[in-house]
Amino acid sequence: MEAITIPEKSIAKSQNCKIMCKSVNCLNDISDEVLSKYYNIKMTLDILEKTWGMEGESPDLGHEEPLDGLILTLLSQNTNDRNRDVAFSRLKDAYQQWDDVHRASLEDLVDLVRPAGLANIKARRIKYILEMILEDFGELSLKVLRRASRERVQSLLQRMPGVGPKTIACVLVFELGIPAFPVDTHVSRFCRRIGWVGSNLKPEEIQQVMEGIIEPSRFLGAHLNIISHGRGICTARKPKCEKCPLQSNCNYHRREKMLPDQDDA
Ligand code: SF4
C-alpha cells in the first residue's frame, strides 16, 4: 500500500477541534479513526478524479478582471447558473466598464440583474461593493489582490455586503489562483452523505474542515469533481447510487442498503 504522509496542516489545531469533533472524536491525537478517514478521503478524491478528471484538466474559470468574478458570484446566490449568466451578460452588455456601472442609477441596475432574482438586494450590494472598492483601491479593479495573501483578501472581502465564505473562496481559487475549497449546495450534500462531516455542519464549517484535510493543491480540482458528481450522480433527489463508483466508501449508501434488511427483521 502506498505510504501516506499526513500533512501537518491536516492535524486539527485547537480552533478546528470543536468543529472536527462533530464528525470524528479528536484529531489532536491521530487515532486509527482519523487515519482511516484520511485514507477514505484520499481514495475518494482519486476515484472522483478518475471519473471526472477535473484535477488533471481544470478549466480556467477565472476572468481577466477578478472584480468580474466577484460580481458574477454575487449574482449566483439563490439562483442557477443560467439565470446568473443572463443577468451578468445584461450588465456587461449595458455598461463597458465597472465605472459605468458605478455611475448607473439603482433603478437601471435592478432592471438589468432581475433575471438573477433578488434584484433589489443584489443591485444595492453591487453599488455598495463598487463604492467600497473605489475607496479602498482608488479604481474599480481587484487585480492588485493577485499579489495579496489569502488573509488579506479575506479581510478585505468579508467586509462587503452579501460576501460570505463561499463567495470569498470562489474569488480566491477561481480569480486569484489562491487555494481555497468553496462549499456550495452540491459539495455540502456530498460531504455529508459520504460521511466526511456531520449532517449538522454549516457550509462554512464544512469548508474549514475540508481545507484542513485535503491537500491545497487538490482544492480546485476536488471542488470541480464533486460538483460534477453532485450534478450527474449524487443528485439532490434520488442519488443514482447504482451508477456510483463510491458506493463502498459512502455512509449514505450503506445506510440505504441497511434499511430493507431492518424492515425485513
Ligand atoms: S453512493 Fe450514492 S449517496 Fe453515496 S456518493 Fe454515490 S451517489 Fe452519492
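Which residues does Leu172 touch, not counting those up to four places away in sequence?

1. The model is a predicted one. In it, Leu172 is in contact with Arg150, Val153, Ile178 and Ala180, once residues up to four places away in sequence are set aside.

2. Leu172 also belongs to the largest nonpolar core, which has 59 residues. Together with Leu75, Val113, Val171, Val173 and Cys191, Leu172 is among the residues that touch the most other members of this core. The element that gives the most to the core is helix α9 (residues 165-175), with seven residues. Residues come both from domain 1 (8-57 + 181-249) and from domain 2 (66-175), so the core lies between the two domains.

3. Helix α7 spans residues 119-137, 19 residues in total. From its first C-alpha to its last, α7 reaches 26 Å, close to the 27 Å expected at 1.5 Å a residue. The buried residues of α7 are Lys122, Ala123, Arg125, Ile126, Ile129 and Ile133. Viewed down the helix axis, these buried residues fall within an arc of 160 degrees, and therefore line one face of α7. As a general point, an α-helix has 3.6 residues a turn, so residues three or four places apart point the same way.

4. On the face turned away from the buried side, α7 carries the exposed residues Asn120, Glu131 and Glu135.

5. The backbone on either side of α7 deserves a look. Just after the helix, Gly138 takes a positive phi of about 75 degrees. Leu118, in the loop between α6 and α7, has a phi near 45 degrees, which is positive although the residue is not a glycine. In general, most residues other than glycine have a negative phi. Leu118 counts as partly exposed because 16 C-beta neighbours lie inside 10 Å, and a residue is called buried at 20 or more and exposed at 12 or fewer.

6. A further non-glycine residue with a positive phi is Lys238, at about 50 degrees. Lys238 is found in the loop between α12 (219-232) and α13 (251-264). Is Lys238 buried or exposed? Lys238 is exposed, since 6 other C-beta atoms lie within 10 Å.

Key. Residues are numbered from 1 along each chain as its sequence is written. This is a predicted model: local features need pLDDT of at least 70, side-chain atom pairs count only at pLDDT 80 or more; totals for chains, interfaces and linings use all residues. Helices (H or I, at least four residues) and strands (E, at least two) are DSSP runs, numbered from the N terminus. The expected span of a helix is 1.5 Å times one less than its number of residues. The arc is that of the directions from the helix axis to the C-beta atoms. A nonpolar core is a set of buried Ala, Val, Leu, Ile, Met, Phe, Trp, Tyr and Cys residues joined through C-beta atoms within 7 Å. Domain bounds come from an automatic or database domain assignment. Two residues are in contact if their C-beta atoms, placed from the backbone, lie within 7 Å.
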